[in-house]
Amino acid sequence: MIPGPVDIPPRVLRAMSKPMIGHRSKEFGKILEECREILSEILNTSNDVLIISGSGTSGMEAAIGNLIGKDDKIAVIENGKFGERFAEISEIYGNLVHIKYEWGEPIELGDVEEALRKGVKAIAMVHNETSVGLLNPAKEVGELAKEYGALFILDVVTTIGGDETKIDEWGVDIAIGGSQKCLGAPPGLSIVSVSDEAWKMMRERRPYYLDLVAYKRSAEKRETPYTPAIPLFFALREALEIIKEEGIEKRIKRHRKQAKAIREAMVELNLELFPKINEVTKYSNTVTAIKMPEGVEDGELRGRIASMGYKIAGGQEKLRGRIFRISNMGNFSSKEILGVILALEVALKELGVIENIGKGVERAHEVLNKS
Ligand SMILES: *Cc1c(COP(=O)(O)O)cnc(C)c1O
């Protein structure tokens, strides 16, 4: 239950162990086309959907590298590790207008507007900030971007397949997804959707391997420009079939309920959620970040939980040792949600943080069973 790579269902694993096919074959073309179609549905977009062989970060770099040059300004919102990554990439390609918060702090729309007034070509934000468990305001920032004539780049790496992604409604010009999070596929593929407006604003000098225009031209022929990671496409196709079988609406509801169950269980156990929310910035529905209880050492806590069969995540970089994170991305059942909370309670009792086992599980069970 770490926030990616997530557990892969056996069906998806099996799909990968097939003989290789040529990437200019009809067979591959069909898989590519079907993946693009289902992903368009999940993203609620009529924009072009492209699939890059590379992890989520390749999609982030493609978005910025194709749009932003030395003479362009780009605003980046940072309230966690992945926002920082957007800022770092932006500094390499263009001029960064940094909207920077402490990690885990909510976004204030006034700050966003102030940055947009500086006349930026684009604004980039991470929708679900995995490092701190926050869901940032896509709709509101999308509206502001439109008002100020900036392109809107949105990282939906840990929302695609787990929470709402209304790409067209929110006015997202480039959305970036990843395979190894809520989609329940192996790592190594990045999904990038591009609007007509963004196509018009592409630079003349674009990255070579990550040239989105090349990806679009190839996609029209049901191909990719270079040899794709074919086994990962087999796996993604199967993972998307699982999503279709569950139904995307149901899947989003399940993720929301599971995250709520985890949050309420934590409160019941007197643990404190790490991020701060406001009217527009909400708790994540796919990963929950919790403050490390006083006097508890990170390795000790997670080690005990791991020995009971549940792997959870710590904090990244400056948050290491200060928080732990429970992800519900992918295909978890209620049993696993209740199981990880029980394991946490057992560990906390052994460490002398709580006296009795069961309060968190009880609360989570109530939430999970509400319709
Ligand atoms: C995982 C993740 C990424 C991509 O990271 P990769 O390691 O390159 O796949 C990007 N953004 C967010 C919010 C993520 O959680």
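Student: Which residue of E3 does Glu 78 stand opposite?
Tutor: In this predicted model, Glu 78 stands opposite Lys 100, which belongs to E3.

Student: And in which sense do E2 and E3 pair, and over how many bridges?
Tutor: E2 and E3 pair in the parallel sense, and the pairing runs over 6 bridges.

Student: Staying with E3, is Val 97 buried or exposed?
Tutor: Val 97, found in strand E3 (residues 95-100), counts as buried because its relative accessibility is 11%, and the cut-off for buried is under 20%.

Student: What does Val 97 touch, leaving out its sequence neighbours?
Tutor: Not counting residues up to four places away in sequence, Val 97 touches Lys 73, Ile 74, Ala 75 and Val 76, and also Ala 115, Lys 118 and Val 120. With Ala 75, which is 22 residues apart from Val 97 along the chain, the C-alpha separation is 4.4 Å.

Student: Switching topic, where does Lys 181 sit?
Tutor: Lys 181 is placed in the loop between strand E8 (174-178) and strand E9 (189-194).

Student: Buried or exposed, that lysine, Lys 181?
Tutor: Lys 181 is buried, its relative accessible area being 8%.

Student: Which residues does Lys 181 touch, then?
Tutor: Setting aside residues up to four places away in sequence, Lys 181 touches Pro 3, Gly 4 and Val 6, together with Val 157, Thr 158, Met 329 and Gly 330. As for Thr 159, Lys 181 lies 22 residues apart from it in sequence and 8.3 Å apart from it in space, C-alpha to C-alpha.

Student: How many disulfides does the structure hold?
Tutor: The structure holds 0 disulfides.

Student: Are Cys 35 and Cys 182 buried or exposed?
Tutor: Cys 35 is buried, with a relative accessible area of 0%, and Cys 182 likewise counts as buried at 0% relative accessibility.

Student: Now the open sheet of 3 strands: in what order do they come?
Tutor: The order is E11-E13-E12, and the pairing is antiparallel. Strand E11 (287-291) and strand E12 (313-314) are the edge strands, each pairing on one side only.

Student: Which helix packs on that sheet?
Tutor: Helix H10, residues 248-268, packs on the sheet and touches E11 and E13, and its direction makes about 10° with that of E11.

Student: How many bridges join E12 and E13?
Tutor: E12 pairs with strand E13 (residues 323-327) over 2 bridges in the antiparallel sense, and Ala 313 stands opposite Arg 325 in E13.

Student: Last one: at what angle do H11 and H12 cross?
Tutor: The axes of helix H11 (residues 298-307) and helix H12 (residues 334-350) cross at roughly 130° and come within 9 Å, which means that H11 is oblique to H12. The crossing of H11 and H12 is right-handed.

Student: Which residues make the contact between H11 and H12?
Tutor: From H11 the contact is made by Leu 301, Arg 304 and Ile 305, and from H12 by Ala 343, Leu 344, Ala 347, Leu 348 and Glu 350.

Technical notes: Residues numbered from 1 in each chain as written. Predicted model: local features only at pLDDT ≥ 70, side-chain atom pairs only at ≥ 80, totals over all residues. Heavy atoms only, no water. Pairing = 2+ DSSP bridges. Helix = DSSP H or I, 4+ residues; strand = E, 2+ residues; numbered from the N terminus. Contact = heavy atoms within 4.5 Å. Axes fitted to C-alpha atoms, helices over the stretch in contact; angles between N-to-C directions. Disulfide = S-S within 2.5 Å. Buried < 20%, exposed > 50% of the residue type's maximum accessible area, 1.4 Å probe, protein only. Parallel < 35°, antiparallel > 145°, perpendicular 65-115°, else oblique. Left-handed = near helix turned anticlockwise from the far one by under 90°.
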